[in-house]
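The structure is shown first, and the description follows.

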Amino acid sequence: MSKQASVGPPFWLLAELTYECPLHCSYCSNPTDLGSREQELSTEAWLDVLTQARKMGSVQLGFSGGEPLLRKDLEQLVEHGRNLGFYTNLITSGIGLTEKRIKQLKTAGLDHIQISFQAADPELNDAIAGRGNAFKQKQKMAEIVKAEGYPMVLNFVISKQNISEIPQILALSRELKADYVELATAQYYGWAFDNRDHLLPSKDQLEWAESVVNEVRAKQTDSDPHFIFVTPDYYEDRPKACMNGWGSTFLTVTPDGSALPCHSAKILPLTFPNVTQKTLDDIWHKDFSFNHFRGDDWMPQPCQGCDEKEKDFGGCRCQAYMLTGDMNRTDPVCSKSEDHHLIAQAIEQANQPTKPIKQRKRIADIATLKL
């Protein structure tokens, strides 16, 4: 691992409590093989994971899924995390959330709730989510979250399905008095990769959407939402610094206890450790899977000789693997990559989709929730 600074702590711990979800969005970036509920970590195992991570120096704790509200022990985990000193975040679809549970989570010490929407139009929102009345539930919960004094944080995954609604999405965000709004274009992993042809907007669509957002930003006041527009790197000349560098900042623990350097890494041909078999400290500092892409020894050309390698770290390993079949190759997004033509092909295919769209498996119904 040449030119590698000493490894610091994983500042962000993402606890993916379950892959079960009452929705089946076609842009979901979770694995297409979701496993089973029986494989999920127990409450005691999760409590131990949080304790270990905080001892290592983690400060941000995110609870996600799937839908984390499907875990009946969510409040217990939140309380434990808060007592350890974490800043606690809940990333939710809002389905299954109630005023009572919002109050319970607040009592437990939850600091932050992010609610996802699929669109500003109720009919389109529910069609993308694959669930009737989802928009109505999300809107109601967003209003209660705001009333309870939480930062109002909304997330919209932007794709070809809803990008024409950008003006309406901005208006809805203002109506809900959001503080922060993430307008994040779909990330093409898991189900989203399978459906990329139906989801990837054109360059013209993206430029138009960003111009609309920028126009609103130019006129907004301090009381207006802070809009964050995240473009897909398919239209960039250089890859993003994925996760701020492999194994440098983020640590994900999946429902079955697998420890990953990023949300999607399980697709790679690496053997990832499990928190039921190794300590987090041993995993973070010593495991081969975490050390493999640290530093620059692993890098091929042109990355090895590139003066930008300490900015983008060779790009996304998952993206390189999905597009080329080799996790060690330069991210094809980079214009210096000999595989860059694959990005042009993907854009062309998205202009003329031929495969039917696949909806994410919905392996849980909200009726299973006992609130």
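In this predicted model, the axes of helix 2 (residues 74-84) and helix 3 (residues 99-108) come within 8 Å and cross at roughly 25°. Because angles under 35 degrees count as roughly parallel, helix 2 and helix 3 are described as roughly parallel to each other. The crossing in which helix 2 passes helix 3 is right-handed.

On the side of helix 2, the contact is made by Leu74, Glu75, Val78, Glu79 and Arg82, which meet Arg101, Gln104, Leu105 and Ala108 of helix 3.

A separate topic is the annotated positions. According to the UniProt record, an unreviewed entry, the annotation "binding site" covers Cys21, Cys25 and Cys28. Where do Cys21 and Cys25 lie, and are they buried or exposed? Cys21 is found in the loop between strand 1 (12-16) and helix 1 (43-56), and Cys25 likewise has its place in the loop between strand 1 and helix 1. The table gives the relative accessible area for Cys21 and Cys25.

| Residue | Relative accessible area |
|---|---|
| Cys21 | 10% |
| Cys25 | 8% |

Since buried means under 20% relative accessible area, Cys21, with its value of 10%, counts as buried, and Cys25, with its value of 8%, is buried as well.

Terms used. Residues numbered from 1 in each chain as written. Predicted model: local features only at pLDDT ≥ 70, side-chain atom pairs only at ≥ 80, totals over all residues. Heavy atoms only, no water. UniProt positions renumbered as here; feature names shortened; annotations may be inferred. Helix = DSSP H or I, 4+ residues; strand = E, 2+ residues; numbered from the N terminus. Buried < 20%, exposed > 50% of the residue type's maximum accessible area, 1.4 Å probe, protein only. Axes fitted to C-alpha atoms, helices over the stretch in contact; angles between N-to-C directions. Parallel < 35°, antiparallel > 145°, perpendicular 65-115°, else oblique. Left-handed = near helix turned anticlockwise from the far one by under 90°. Contact = heavy atoms within 4.5 Å.
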